[in-house]
Amino acid sequence: MAEVFGARLRQARIAAGWSLRELAQRVHYSVAYLSRVENGHRAPTVALARRCDHELATGDKLAALVRPAPPAAARNRARPVPRQLPANPPYLVGRGADLARLDAVRAKPRDSTTIIAITGTAGVGKSTLALHWAHRIQAGFPDGQLHLSLRGFGPQSPLESSQALHGVLRDLGLATEAIPEEPDARAALYRSLLADRRMLIVLDNARDAEHVRPLLPGGSGCAVLITSRDRLDGLVAKEGGQRVPLELFTVEEGMALLAERAGPGVAAQPGTVAELVRLCAGLPLALSVVAARAADSPGCAHLVEELRDARGRLDALELGAGEQDLRAVFSWSYRQLGPAAARLFRLLGAHPGPDIGVHAAAALAGVPFAKARKAMAELVRASLLAGHRPGRFHAHDLLRVYAAELPDPEGERNPGLHRVLDHYLHTARAAAELLHPHWAEVTLPEPSPHAQPREPADYPQAMRWFDEERLVLLACVHQTRDQNWHSRTWRLAWAMAKYLQLRGFWPDWVATQLLALDAADRLGDRAAQAVVHRLLGHAFLRLRRYAESIKHAEAAGQRYRELGDPAGQAYVHRTLAWVHQEQQDFPRAVTHHQQALALYRQTGFRPGQASSLNGLGWTSAHLGEHDRAFDLCRQALAVATEIGDRNTEAAVHDSLAFIHHRLGEHTEATANYHRAITIFHQLSNRHEAALSLHRLGDTQLASGDPLAAGESWRSSLSFLDSRRHPQAEEVRGKLASLRPH
């Protein structure tokens, strides 16, 4: 029969004008296999005969020559349905939302194969989640489950798609000789065999979209579950895949994992365990290593001490000889990078902040913006960076430690750090000048080559830049202190001072200025000391720490006198006037405001004149000198409006409102408070807006409108509480008094 079939097949092929290779390509069988069939050395199968009849248009002539296939039950006994899923992982903690999302994706009706990609950084638990979910849903795929480890990232070479297809086709019942040699033919045959089946295919550890594309079935009855460190953007865009990105564990989820893995004993030390989770960056793989060590340990405190040392943190997370440690796991992603992305990743290990934008990354690497953006995109695709909000990227702490450990053969880290610090310093200076024009008294050295500082276009853009970079700038101040780069330390602290004041981040303001003072003292720079003492005097005033405010203001005044700087002395008198105002010592406040005004007039500094005139008006109102107060405030308003000092303009409207309130002129007071609050909000000066809202509430209550007063006080309290402001309790008490008894 084999000889007859082979002869008839050859006749039909020659009649069609096809070579053996052309026939092999059409029916998706190898040339060698078809040659043996034609020569009678290999028995044909019904499937082959039918495909040949279809392609050669011979009706069922060839299929009629093949013996009928055995009953289905016999076939199933000969080759069982593939059930290839490895054992269900013993632990799965903190992935309830991800499992629900996977279920939701699967539940969507579709006319094509369901493709789901679980993506995320190394060690985040992609394979564990995929395997657990595959076990949950396997009953919905009666034709079997295939599981392939593609080795896209690991110590071995990746399993190429064509090689994987060869194994899958064998698992699906094909003899080796029946498997086509050409990769495209193998993929086509694979799709044909799965066209009418309902199978689950798990493709673990894929390198990229191209790695898995040949392994995608074409029918609608199958589902493909893929895990990869790559984002698989191409698969999402072209094949309609659904991406389920895995995030690092929260502290609560990490603590739950440690309790599950290490036993209930860890629950007795929640503070220590929470610190362990933070030191492990919430990375499940690192937490599993810690759990293995904690299970045999009487406590976790020693583990915390080991992990606190960043230089030895990865050593503390090793499991021992023969086990894959975190460095190796991270290296499999790093080695896939192109040269530019790999270089940027190494440099990011030196970056001080918790996250970074593309402009700063360009400065760090000393490359154009477009090149930095391309390298960042590659790091994101490789899950070595994550975009946690538009334009901002970060790597978790363990990846940062790994990046810092990588060899620096060209000695690029220090120059890169200098560039990015200068990028931040000079951009902060430009932004600070937009927030408070006319007040910049500090000059900066030229930035490092390729630092590429930005130039914010206007006040809102400057404020947005500071909002984005606040935590980075705070980290930069600490970094420069640790590196003994004292000149940068105090200048960075100075450049961000006005922003911290406007936003009400006064503890940060004090902390950075104390580091700046230490830097200025180490430099022996009297001018720098004067600036820092002055800013500390103002910052401590905001915190109502009056003794410290006076101490630093007087220290600044002494240095300004030594330097022969009357403008600096005026600043000091202004701060002291505010301190005495806060302490209700208005006569002494008037004296300092007058001294400040005289010095500002001597130097011709108009913004200072406007501020001091307003301060005199405010204190005069408290002394009951309302006509004089009105006159001084109107002078202040004229100067502030003329020079475009909107913060002082708003402050004057607040003072005028207060004077009207004292005179019982509630309509005029309310109107001026609203003008002040509007301007303060436009300038993002939430602190002064909150204080004006507090006083507006007083006016509204006095005018017989308790509902409006309550609304104003609640708006004020929202900010005051967020900054733990001393006035918060006073406002809370006023709100309580509105409630019916």
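Residues are termed buried when their relative accessible area is under 20%, exposed when it is over 50% and partly exposed in between (1.4 Å probe, protein chains only). The structure is a predicted model, in which local features need pLDDT of at least 70 and side-chain atom pairs count only at pLDDT 80 or more, while totals for chains, interfaces and linings use all residues. Residues are numbered from 1 along each chain as its sequence is written, and side-chain values use heavy atoms, with hydrogens and water left out.

In helix α2 (residues 20-27), the buried positions are L20, L23, A24 and V27; helices are DSSP runs of H or I with at least four residues, numbered from the N terminus. These positions lie on the same side of α2, because they cover an arc of only 100 degrees around the axis, taken from the directions from the helix axis to the C-beta atoms. Their cover includes α1 (2-16), α3 (31-38) and α4 (46-56), contact meaning heavy atoms within 4.5 Å. Just after α2, H28 adopts a positive phi of about 65 degrees.

Helix α30 (residues 586-603) packs against helix α31 (residues 606-622) at an angle of about 160 degrees, the axes being 9 Å apart. Axes are lines fitted to C-alpha atoms, for helices over the stretch in contact, and angles run from 0 to 180 degrees between N-to-C directions. The pair is therefore roughly antiparallel, a class assigned to angles over 145 degrees. Residues of α30 in the contact include F586, V590, L597 and Y600, which meet residues of α31 including L613, L616 and T619.

How values were computed: Helix = DSSP H or I, 4+ residues; strand = E, 2+ residues; numbered from the N terminus. Parallel < 35°, antiparallel > 145°, perpendicular 65-115°, else oblique.
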